[in-house]
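Dear colleague,

Please find below the structure that I am handing over to you. My notes on it follow directly after.

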Amino acid sequence: QAKVVGNVSFGENGTRFDGGHLELPPDDRFNIGASFRLSFEFQADQVDGMPVMFGHGLWQMEGWFAQILGGRLIIRTPTADANGPAIEPGRWYAVTWQVEGGKHRLLVDGEEVMSSRELQLVPTSRPLLIGQYVNEFLKPEFAFHGTIRRLVFESVEPVLR
């Protein structure tokens, strides 16, 4: 059900973004729940600007998004960001962002780069954009140029409340 917008191509190494993006319809599974995990691999062609790999919310308001800001990986939520390492163009990175019990942590290439920090869950009804920020702010400085592969969302609702 993904809508392809602009220059996006699919190949053996993953989905390549050259200024275009994918738009997936709103789905509660993309919202951060009590237990949530996002895993993906990426290779950025460039790290200047503010390229967004995944846009599912507005800064300091709702949802979350993952981007390269100031040359570093960051996953932003309204109340607590997950700060990652400096990103080198052309290098592959494996990322896992985990949320469990109101706290989150970030692993890059199997190494924990940010330990548990508390965050508030602020759901959104927006579509998920891959390769760009959100529809109101489709700007060149937010466009991701590079490749993303092995994208997995895991959301587990607690059995006992």
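Is tyrosine 133 buried or exposed? Tyrosine 133 is buried, as its relative accessible area is 8%; here buried means under 20% relative accessible area, exposed means over 50%, and partly exposed lies in between (1.4 Å probe, protein chains only).

Some conventions first. The model is predicted, so that local features need pLDDT of at least 70 and side-chain atom pairs count only at pLDDT 80 or more, while totals for chains, interfaces and linings use all residues. Residues are numbered from 1 along each chain as its sequence is written, and side-chain values use heavy atoms, with hydrogens and water left out.

Confidence

The protein chain has an average pLDDT (the predictor's confidence in each residue, from 0 to 100) of 91, and 96% of the residues score at least 70. Confidence in the chain is highest in strand E3 (residues 14–18), with a mean of 98, and lowest in strand E12 (residues 111–118), with a mean of 84. Strands (E, at least two residues) and helices (H or I, at least four) are DSSP runs numbered from the N terminus.

Aromatic rings

Across the whole structure, 14 aromatic pairs were found. Rings of Phe, Tyr and Trp (its six-membered ring) pair if their centres lie within 6.5 Å; planes under 30 degrees apart count as stacked, over 60 as edge-to-face and the rest as tilted. The pair of tyrosine 133 and phenylalanine 142 is tilted, because the ring centres are 5.0 Å apart and the planes stand at 50 degrees. Phenylalanine 142 also counts as buried, at 11% relative accessibility.

Nonpolar cores

A nonpolar core is a set of buried Ala, Val, Leu, Ile, Met, Phe, Trp, Tyr and Cys residues joined through side-chain atoms within 4.5 Å. The largest one has 33 residues, and those with the most contacts inside it are Phe42, Met53, Phe54, Trp97 and Leu106. Among the elements that give two or more residues to this core are strand E5 (35–44), strand E10 (92–100) and strand E11 (103–108). E5 gives the most to it, with five residues. Another core, of six residues, lies apart from this one and includes Val52, Leu58, Val134 and Phe142.

Phenylalanine 54 is in contact (heavy atoms within 4.5 Å) with residues including Phe40, Trp64, Leu128, Gln132 and Leu151, not counting residues up to four places away in sequence.

Buried polar and charged residues

Glutamine 132 is found in the loop between E13 and strand E14 (145–155), and counts as buried at 4% relative accessibility. Leaving aside neighbours within four places in sequence, its contacts include His21, Met53, Phe54 and Phe142.

Glutamine 98, in strand E10, is buried at 18% relative accessibility. The side chains of glutamine 98 and arginine 105 are joined by a polar contact of 2.7 Å. Such a contact is a pair of N or O atoms within 3.5 Å; within protein, one must be able to donate a hydrogen and the other to accept it, and residues adjacent in sequence count only if both atoms are side-chain atoms.

Arginine 76 belongs to strand E8 and is buried, with a relative accessible area of 14%. The side chain of arginine 76 makes a polar contact of 2.9 Å with the side chain of aspartate 81.

Partly exposed and exposed residues

Arginine 117 is placed in strand E12 and counts as partly exposed, at 36% relative accessibility. Arginine 117 and arginine 105 are 12 residues apart in sequence, with 6.8 Å between their C-alpha atoms.

Two backbone angles deserve mention. Aspartate 109, in the loop between E11 and E12, has a phi near 55 degrees, a positive value in a residue other than glycine. Arginine 150, in strand E14, likewise has a positive phi, near 55 degrees, and is exposed, with a relative accessible area of 57%. Most residues other than glycine have a negative phi.

Kind regards
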